[in-house]
Amino acid sequence: MKSEQQNTLEQEFEHGPVPLTHRHSTRSVAAVWFGFPMILTNALFGGIITWHLGFWPAIYAILLGNLVLFGYVGALSYFAGSTGLNFALQAKRTFGSKGYILVSGFLSTVVIGWYAFQTGLTGTVIHETFGWNELGVSAFAMVLYIGITFMGVRALSLLGMIAAPMYVILGLVALWFISGEHDLSQIVSFQGGGAAIGGMTMGTAVTMVVAGFADSGTMTADFTRWSKDGKSAVIAAFSAFPLANVISYLFGVVIVAAGAAIDPLQNGGNFLPLLMGHGAALSVIAFVFVFINLGSVCTHCLYNGAVGFSHLFGSKMRLWTVILGVIGGVLALVGVWHYFLSWLSLLGVVVPPFGAVMIVDLIFMEAISRERPATAFRGSAFLAWAIGSASAVIAHVWFPAFGEAVIGLLSAAVAYSLLVKQAAKAPVAMMPEKKSV
């Protein structure tokens, strides 16, 4: 019995690098990331962007946002695949043996907020679509998502292999239904219906795309540390950004541009309602799809949070899966999740500077960081993050057209580079005063 359990529940390596003997295939790791962005939320956002900007500007914004995500997540994934280190261990090298607690604890809490939001959303979607009891469905979803996450990263990979093709198939079914009533050949000429109400700039749209996966994207190492090497980890990241993420957005773009969306300003290109009323069999499939689709998001976020907190407290991932899963589930059940979206979206603007600092430190300044003596708290890393976050917030308030997420990333990276180079020069200037030869 014990040996069978060990074969099913493999080690999660919360406190050290994943050994090469335990790494997974590129296909398996890619499935973890590929299935993550294949969610109805992206169809919703893709539709909202299209409603405001029009077809081609929406395509450009989505592609640009995904290129930013690929560069960002791909770089962090490369280091993860090369070293086998999870996000907490990476953050410890950049922010210090005590400073990383603030970084890892903060992001691990943010992703549990997303888990709670999506768990509550599961109950709401099922209630609005099928009329089932919202609280009962949310409670069932909580237990289901905890159970899947408890099985570990292989379960996330399997879920991704199911969630991604199911999303594409049902999205195509929805497009087939609307093609009988709408001319899909005219979608490229859609100019946008939201421009008149003053809604969205190109920069805001790009930020929306980036912020959607800023949190788990920053914590990508929890997934891509299982890759055999850095190259395989980058391929896994590419399967999500731009590949899967663009595909998931495109369904929303097409549905809104075709004029088939139900309340595009609020629901964007959500195609679930378009699947209703076409027979009991399709309704049952759509019902299952909601749990698989939103469950993909919930399990990934819960896994991120559980790995982070398990390292912080010197414990096990599966224990924290249950603890955080219940806490997030309770927040969903009492309705607190309704107030999360704006808060979580704002955090998506200030989170990427953490990753930008880590990319510069661990990859571009790898020779310096490798030889650097361990310290409890690295002020230069936090100062660079603060500069990047402040720049992003300023852009968010006064210059949203320029894309606050990108500004935050670049500002943090440049600030950290300058701070480290300045610090490297300081000892040289002090040497003559310290000792004369």
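Helices here are DSSP runs of at least four residues, numbered from the N terminus. Keep in mind that the model is predicted.

**A helix on the inside**

Let's start with H5, which spans residues 87–95 and is largely enclosed by the rest of the structure, because 7 of its 9 residues are buried. The buried set is Phe 87, Ala 88, Leu 89, Gln 90, Ala 91, Thr 94 and Phe 95. Both ends are worth a look. At the start, Asn 86 brings a side-chain oxygen to within 3.2 Å of the backbone nitrogen of Ala 88. After the helix comes Gly 96, with a positive phi near 105°.

**The core**

Phe 95 turns up again in the largest nonpolar core, a group of 133 residues in which Phe 95 and Phe 271 have the most contacts. The biggest giver to this core is helix H14, which puts in 16 residues. As for Phe 271, its contacts beyond four places in sequence include Leu 40, Tyr 167, Phe 251 and Phe 289.

**Out on the surface**

Now for the outside. A nonpolar patch there is formed by Val 322, Val 326, Val 330, Val 334, Val 336 and Tyr 339, and together they have about 530 Å² of accessible area. Tyr 339 sits in the loop between helices H15 and H16. With 67% relative accessibility, Tyr 339 counts as exposed, because the cut-off for that is over 50%.

Here are the helices mentioned above:

| Helix | Residues |
|---|---|
| H5 | 87–95 |
| H14 | 280–312 |
| H15 | 317–333 |
| H16 | 341–350 |

Key. Residues are numbered from 1 along each chain as its sequence is written. This is a predicted model: local features need pLDDT of at least 70, side-chain atom pairs count only at pLDDT 80 or more; totals for chains, interfaces and linings use all residues. Side-chain values use heavy atoms; hydrogens and water are left out. A nonpolar core is a set of buried Ala, Val, Leu, Ile, Met, Phe, Trp, Tyr and Cys residues joined through side-chain atoms within 4.5 Å. Buried means under 20% relative accessible area, exposed over 50%, partly exposed in between (1.4 Å probe, protein chains only). Helices (H or I, at least four residues) and strands (E, at least two) are DSSP runs, numbered from the N terminus. Contact means heavy atoms within 4.5 Å. Patches are made of residues with over 30% relative accessible area and no salt bridge: like charges are joined within 9 Å, nonpolar side chains (Val, Leu, Ile, Met, Phe, Trp, Tyr) within 5 Å. Accessible areas come from the Shrake-Rupley method with a 1.4 Å probe; for residues, only the protein chains shown count as cover. A salt bridge is a side-chain nitrogen of Lys or Arg within 4 Å of a carboxyl oxygen of Asp or Glu. A polar contact is a pair of N or O atoms within 3.5 Å; within protein, one must be able to donate a hydrogen and the other to accept it, and residues adjacent in sequence count only if both atoms are side-chain atoms.
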